[in-house]
Amino acid sequence: MRIAARTGFTHVGLRLLPATPTDPDYDMLGDTPAVRATLAALMETGIRVSDVEIVRLTPGFTLDDRLQRFMETAARLGAGQVLVAGNDDNLQRSADNLAILAAAGRPFGLTMNLEPMPWTQLRNIAAAQALIAASGREDIGILVDALHFWRVYRYYFIWQQRRTRKQDF
């Protein structure tokens with residue numbers, strides 16, 4: 001937060017849950033020393049939390065105590081947005097779980113945002129739109145991360161250029 005404040009940022013995104021099974025757990029759920037230090041830095045700098053991450057919709061997804069603490073902590077930090085990854089190839093199960101997650105986040109003032117990433121089941125914006133439609137909810141957004149967008153669409157643009165380029169033989 002301090003670096004963000006010194007460089008002119010007004011908001012930060014925080015990773016409360018590890019992104020992968022091998023990522024470190026920063027002990028950012030509940031009333032932990034890390035959360036208290038983060039709150040102090042937010043107060044000291046005036047920086048606000050825009051979003052928190054990352055919830056993964058997997059085949060075994062459940063709205064358990066850990067996710068409840070995640071949402072409570074997100075609200076305590078002042079976040080309004082949650083980044084959600086699609087890691088389930090079953091569209092209906094994933095949509096049902098997304099709807100449950102979105103409903104659970106509402107009392108905390110949290111909006112779920114699908115983040116398409118090329119290595120997940122939710123590879124692009126069209127897949128995110130389809131998942132939102134299947135969930136039956138209108139209160140879910142899509143986060144377009146410029147890096148992931150570039151990763152996905154650069155191959156399309158290269159393919160399109162090659163396809164339209166005339167070959168002289």
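## Basis of the description

In this predicted model, local features need pLDDT of at least 70 and side-chain atom pairs count only at pLDDT 80 or more, while totals for chains, interfaces and linings use all residues. Residues are numbered from 1 along each chain as its sequence is written, and side-chain values use heavy atoms, with hydrogens and water left out.

## Overall fold

The protein contains 6 helices and 5 strands. These are DSSP runs numbered from the N terminus: helices are H or I runs of at least four residues, and strands are E runs of at least two. Their order from the N terminus is α-β-α-β-α-β-α-β-α-β-α.

Of the 169 residues, 38% count as buried; buried means under 20% relative accessible area, exposed over 50%, and partly exposed in between, with a 1.4 Å probe and protein chains only. Contact means heavy atoms within 4.5 Å. Among contacts between residues at least 6 apart in sequence, 78% join residues at least 24 apart.

Asp88 counts as buried because its relative accessibility is 5%. Its side chain forms a polar contact of 2.6 Å with the side chain of Arg93. A polar contact is a pair of N or O atoms within 3.5 Å; within protein, one must be able to donate a hydrogen and the other to accept it, and residues adjacent in sequence count only if both atoms are side-chain atoms. Leaving aside neighbours within four places in sequence, Asp88 is also in contact with residues including Leu57, Thr58 and Gln121.

Asn90 caps the N-terminal end of H4, with a side-chain oxygen 3.2 Å from the backbone nitrogen of Gln92. Among the buried residues of H4 are Ser94, Asn97, Leu98 and Leu101. The buried residues of this helix pack against strand S2 (48–57), helix H3 (65–77), S3, strand S4 (111–114) and helix H5 (125–135).

## The nonpolar core

A nonpolar core is a set of buried Ala, Val, Leu, Ile, Met, Phe, Trp, Tyr and Cys residues joined through side-chain atoms within 4.5 Å. The largest has 37 residues, and Val52, Phe70 and Leu114 are among those with the most contacts inside it. At least two residues of this core come from each of strand S1 (11–15), helix H2 (33–45), S2, H3, S3, H4, S4 and H5.

Not counting residues up to four places away in sequence, Val52 touches Leu14, Leu16, Phe70, Ala74, Ala79, Gln81, Val82 and Leu83.
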